[in-house]
Amino acid sequence: MPAARTQAAAALGAGGILVLAGLAPESIVVHGSTGFSFRGNQIRGHHGSGFEHVEQLIGLACAGRIDLAPSVAAHIPPAEAVDAVTRLEKRIGGPIRSVLTS
């Protein structure tokens with residue numbers, strides 16, 4: 001969300017770093033860029049698509065440092081796994097973040 005990214009950038013303290021995870025089509029806008037630069041703030045991007053990044057996310061979630069629940073699009077029982085993969089391959093219904101449940 002562009003508004004959330006703008007708010008996060010404005011809330012950074014001195015030396016703060018805003019990390020944008022994933023991809024978004026909208027540009028990020030930094031209001032007050034002089035102050036942003038003076039405080040030594042940074043914006044970094046991270047696509048997070050490697051296997052090691054999945055392990056890092058699991059570790060952060062297990063440690064209670066990040067809540068991934070709001071980003072889960074669907075909970076899929078194992079009996080529907082094949083259909084879920086088909087929906088993912090064909091991009092049906094936006095199933096980007098689905099979780100297989102038992």
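Basis. I worked with a predicted model, where local features need pLDDT of at least 70, side-chain atom pairs count only at pLDDT 80 or more, and totals for chains, interfaces and linings use all residues. Residues are numbered from 1 along each chain as its sequence is written, and side-chain values use heavy atoms, with hydrogens and water left out.

Confidence. I looked up pLDDT (the predictor's confidence in each residue, from 0 to 100) and found a chain average of 85, with 97% of the residues scoring at least 70.

Pocket. I took a pocket as an open set of points on a 1 Å grid over the protein atoms alone, where a 1.4 Å probe fits, with protein on both sides within 12 Å along at least five of seven lines; lining residues have an atom within 4 Å of a point. The largest pocket is lined by 32 residues, and Ala 21, Gly 22, Leu 57, Ser 71 and Arg 97 lie nearest its centre.

Salt bridge. Asp 83 pairs with Arg 87 in it, and the closest N and O atoms are 2.5 Å apart. Because these two are 4 residues apart in helix H4 (residues 81-89), about one helical turn separates Asp 83 from Arg 87; I read helices as DSSP runs of H or I, at least four residues, numbered from the N terminus. I noted relative accessible areas of 40% for Asp 83 and 23% for Arg 87, so both count as partly exposed (between buried, under 20%, and exposed, over 50%, with a 1.4 Å probe and protein chains only).

How values were computed. A salt bridge is a side-chain nitrogen of Lys or Arg within 4 Å of a carboxyl oxygen of Asp or Glu.
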